[in-house]
Structures are given as C-alpha cells and as structure tokens.
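Here is a short briefing for a first look at this structure. Keep the sequence and the 3D view open while reading.

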Amino acid sequence: MQGFQSVFGIGSDMYYRHVSATICRAVNKTHTRTMVLFVVAVFVGAFISTRWIDATITSSKSTKPILTAKAVLHEPSHQNPTPPKKPSHHHQNGSRAPTQPKILKTHHKQTPQNPLLCPSENHTRTCPARGRPSPTVRSYDDVDPPSCPDYFRWIHEDLRPWKARGISKEMVERAKRTATFRVVVLDGRVYVERFKRAFQTRDVYTLWGILQLVRLYPGLVPDLELMFDCVDWPVVMSRDYGGRNASAPPPLFRYCGDEETLDIVFPDWSFWGWPEINLKPWESLLKDLKEGNERVKWMNRKPYAYWKGNPAVAPTRQDLLKCNVSERQDWNARLYAQDWISESQQGYKQSDLGSQCTHRYKIYIEGSAWSVSEKYILACNSLTLIVKPRYYDFFTRGLMPVHHYWPIREDDKCRSIKFSVNWGNSHKQKAQAIANTASNFIQEDLKMEYVYDYMFHLLNEYAELLTYKPTKPKKAVEICLESMVCPARGLEKKFMVESMVKAPKESSPCTLPPPFDPVTLRVWLRRKQNSIRQVEIWEKGAWESQNTKL
C-alpha cells in the first residue's frame, strides 16, 4: 500500500485510509477473488488519473509560443521615431523651415496602399468620400542610400535664381501667365487647379506621375505649390531678370530648357505612357528595348544611320530628309517619315521601338523643341548621332560627347552624318563602346527609380525655398487614383494601371549630390565644348583629304 500512497503523494492520506477500511469490510462479506479484482481496478484507475493530472499541469506551464526567425522578422519594432538627417537650408529673410518627416525604424515587409476601387457606377472625377488614414511615413534601414546619378546636380543649378531670396507667393502667381495647371501638395494630398487644356494627355500623365511619387514616398513629399506649363518651349527669359535691381523670375516648371531661359526642368509625361501614339510606360518600354538590343548584336546591325519620325513639326527635320539615300548620293543615312494617323489605323505595327534597334547608328534631332524620343534612341545600343541640340531635358545635361554620343553639325548635317558613319565603321570597337556607354546610362541611371528620386529631390529643394505656407486654392480639386483612373478608357486607363505605384518603396531615396562648384562646372562645360570641337576638326580634315585626292 506504500506504493499506492506514493502515487497520490502528500495530502492524499485520508483518501488512502478510507479506501483501506472499505476493502477490509468487503473481504469479510464477499468472495476474496472479487475483492482482489476491485483492488486492482482502484490501483489502475488511481495511477492513470494521477498521471493525467500531472501531464495537464506540466503542459499548461509550457504553452509559451516559440518565436521562429520568420516570426521575428514580422514583429514590428517600437523604437522612438527619429528625424531624418538632412541639413536645413533656411532663408534669413524669413522663409519657412522645411517640414522634416519622422522616420520609424521598423523591419516589417511593406504592404500595398489603398487598393484602386472603381465600381461600375463610379465614373465621376471626384475622390471617394470615405475616410482615409493620414499618409504613412515609411521606415528605412540604417544602410546609407546610394548616391544619385551625377546629373542630379543640375537640380541646384535650376533653382539657383531663387537661392538668395527664396520663392514668395507673388513669384508663384506671376508664373500663372503661361501655366497649364497649378499643383498644391498638402499633408500628402494632391490638389490641382487647371487653367487651360494641354496637348493630348500631357497634363494628365504629368499629374499622374506626381500622384505616384506621393504614393511611393508617403509622408516625405513636403507641402508645396507650383505652376506647370505643358507647352514645349521654355518662356522665362533670363535676360529679363538680370541686373542688381531686377525682380526675381517666376518659378515655372516644364519639360525642357535652354541656355537663354530659367524654366525649371521636370521629367516629361511619357515616363508614365503616351496613349495617343501607343508608347508604353517607361519601366515596361525599357525592358522591351533591352530585349531588342539582344536580338541583333551591334556588329550584325546594318552599317547605316537610322531615323524615323515626324518631319512636319520642324524645318530642321525637313532639312534632315535631304540626307536620305538617293540614286545620286548616299550619305549613309536611312530616313523614314512617320505618319502617326496611318500608324494608329494599322495598330502601331511599324512603330514598336524595341524592334527598331537594327542599325549601328541612330539619329536624334529635335522637333519643335526637345523631343521625348531621345531616351529611346540612346537606349538602343546603337551609336547615337545627336544633331546639335538647342534644348535639354532633366537628364541630358549629364551626357558627354564622344563618351555617350557622337555630335552632328546642324548646319551641315549630310556630310557630318556620312563622316560619323564612316568613322564608326572604321573604328568598330570604339563606336560600339560609345553605344554601350549610352545604353548602360539609360538602363541604369535613368531607370524609373531614379526618375522618381529626381522628382523627389527637385520638389524637396523647391519646397525649402518657399517663404510662405501653401494653402488649397478655392478652385483646386483633389486628385487621387479613383478620380484619374476610373473615368479613363482604353490605353489611357491601361497605362495608368500599369504605371501605378503598388506599394511604398522599401528604401530611402538616393543621396542628392552637392552643387557644382564654379571651377568644376567650368571644367565640365569646357570639356564638352572641346569634345565637339575635336570631332569637327576630324570631320573637316577628312573632307579636305578627300577633296585633295579628287
């Protein structure tokens, strides 16, 4: 019976005595065999019950979950928020301090933003009335972001006219004279006041791009107000704002600039698509161009200069057509006029850019002003022949002649093109190296990630110059995914959905490089001019040598 007692342990002595007495009385009254069976049953039942109770108690003490490595990665951190380390550029004349967003250090995977909701009956151009959470400031790792491409330095140069005195409300209003629309960003929401219609969907896709930037970096795009002109030609003439007592120029954003103007250069609409001519958003098109480059290697391409475009938009393009091959003369050029009306009727079968990388050389020539085609041509892994341009966009100021492209004389196009093709066919490895450098520049330094980062830094630097707090204009309306996508149709809607930012970026923007110092800028510009001059000397010498032989 000692073994029985040890099973129950302390506190079960009374129960033991009660059972013993019962057994003794039963032995005297019934058969011994029956009593033995009863005792065995009590022993077995008591032992099993005790082990079950003990096991239950033990398991209840060990129900604490075991955190795996995967679970830890999804466990949000609760560190105190810390401001980003960005120097402030206050103006002594009372400009407002830039809003510095707080960045939480977390490690959970980013989740998609509010999904696009387009019920069949919602075709209005207004944003839903539902409540939305405040913009979420994303968290970044402690790893230092990479430095932005060098052409980002031109942001400082474009904003230099306002660096000393800042940008006042009166200056912004003066830019309204030619602006297509006004954009105001407040607490991560985008408002637009339209003044006039833009050509095709330029304004629509420019606004779409700004909206995607706010979605990509929620909480980090500062409050701001700006005027945007969607017309090609820059209009803020620098000569009108020179001298000690001259007024400050109006800050006006557009797609291109030149050496005589002060317009602020911004990425063009086609990065998010150009439905009127079936041009895909840049991220998709860049992949098509890369695949096209692989189909025909440089050495196997046709040894001529190729151009296809609309010659009707500018006299300089009509002059280019004189360089086409004829029965009397071959200038090493193969030129084709693009009829977009006919092309649209035929389903754009002859305008696929990924299928046009079949010549060793491709010509870029401006239209009525700068042309969006430049990035497509440079990406083709053909040696780009750039007819001397007047205008620049946001990235082309980072290109160097004979390193990224071959310069072509504007006043003697045909002979200049013929010489460049002859030179390239005689120096195939050097020509191919220039073509590869340009193509790599477009694929790496102009990928969509850097387009957004350029916009981000430009708008942040611009916002720091504002000397007033922006407010929502009475005639401005909010734009959002629903107000832009839901009413759209066809390619316009398709390209919006395709280029829509699905979730905030999981890393911080690249680091903006410092401004050019005066000496570095002069050296850069001198190197550029010397490279062009060197090509002109080679070209002149080649033609003089040929004339001597004749």
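Start with helix α7, residues 202-216, in this predicted model. The helix has 15 residues and reaches 21 Å from its first C-alpha to its last, close to the 21 Å expected at 1.5 Å a residue. Of its 15 residues, 15 are buried, so α7 is largely enclosed by the rest of the structure.

**Overall picture**

- The protein holds 17 helices and 11 strands.
- It has 550 residues, and 47% of them count as buried.
- Take the contacts with a separation of 6 or more: residues 24 or more positions apart account for 76% of them.

**Nonpolar cores**

- In soluble globular proteins, nonpolar side chains tend to be buried together.
- The largest nonpolar core here has 106 residues. Within that core, Tyr151 and Trp208 touch the most other members.
- Helix α14, residues 448-465, supplies the largest share of this core, with 12 residues.
- A second, separate core has 26 residues. Among them are Trp298, Trp307, Cys323 and Ala333.

- Leu159 belongs to helix α5, residues 154-159.
- Is Leu159 buried or exposed? Its relative accessible area is 2%, under the 20% cut-off, so Leu159 is buried.
- Leu159 touches Ile264, Leu458, Glu461, Tyr462 and Leu465, not counting residues up to four places away in sequence.
- Leu159 and Leu262 are 103 residues apart along the chain. Their C-alpha atoms are separated by 8.7 Å.
- Thr384 sits in strand β9, residues 383-387.
- Thr384 has 1% relative accessibility, so it counts as buried.
- Residues up to four places away in sequence aside, Thr384 touches Lys362, Tyr364, Ile377, Leu378, Tyr405 and Trp406.

- Gln200 is not a glycine, yet its phi is positive, at about 55 degrees.
- The loop between β2 (189-194) and α7 is where Gln200 lies.
- Gln200 counts as partly exposed, because its relative accessibility is 32% and that class runs between 20% and 50%.
- Asn332 is not a glycine either, and its phi is positive, at about 65 degrees.
- Look for Asn332 in the loop between α9 (315-320) and β7 (333-337).
- With 9% relative accessibility, Asn332 counts as buried.

**Helices α12 and α13**

- Two packed helices are described by the angle between their axes and the distance between the axes.
- Helix α12 covers residues 413-426, and helix α13 covers residues 428-445. They pack at an angle of about 110 degrees, with their axes 5 Å apart.
- How are α12 and α13 set relative to each other? Angles of 65 to 115 degrees count as roughly perpendicular, and α12 and α13 are therefore roughly perpendicular to each other.
- On the α12 side, the contact is made by Trp423, Gly424, Asn425 and Ser426. On the α13 side, Lys428, Lys430, Ala431 and Ile434 take part.
- The residues of this contact divide into 3 nonpolar, 3 polar and 2 charged.

Conventions:
Residues numbered from 1 in each chain as written. Predicted model: local features only at pLDDT ≥ 70, side-chain atom pairs only at ≥ 80, totals over all residues. Heavy atoms only, no water. Helix = DSSP H or I, 4+ residues; strand = E, 2+ residues; numbered from the N terminus. Expected span 1.5 Å × (residues − 1). Buried < 20%, exposed > 50% of the residue type's maximum accessible area, 1.4 Å probe, protein only. Core = buried A, V, L, I, M, F, W, Y, C linked by side-chain atoms within 4.5 Å. Contact = heavy atoms within 4.5 Å. Axes fitted to C-alpha atoms, helices over the stretch in contact; angles between N-to-C directions. Parallel < 35°, antiparallel > 145°, perpendicular 65-115°, else oblique. Nonpolar A, V, L, I, M, F, W, Y, C, P; charged D, E, K, R; others polar.
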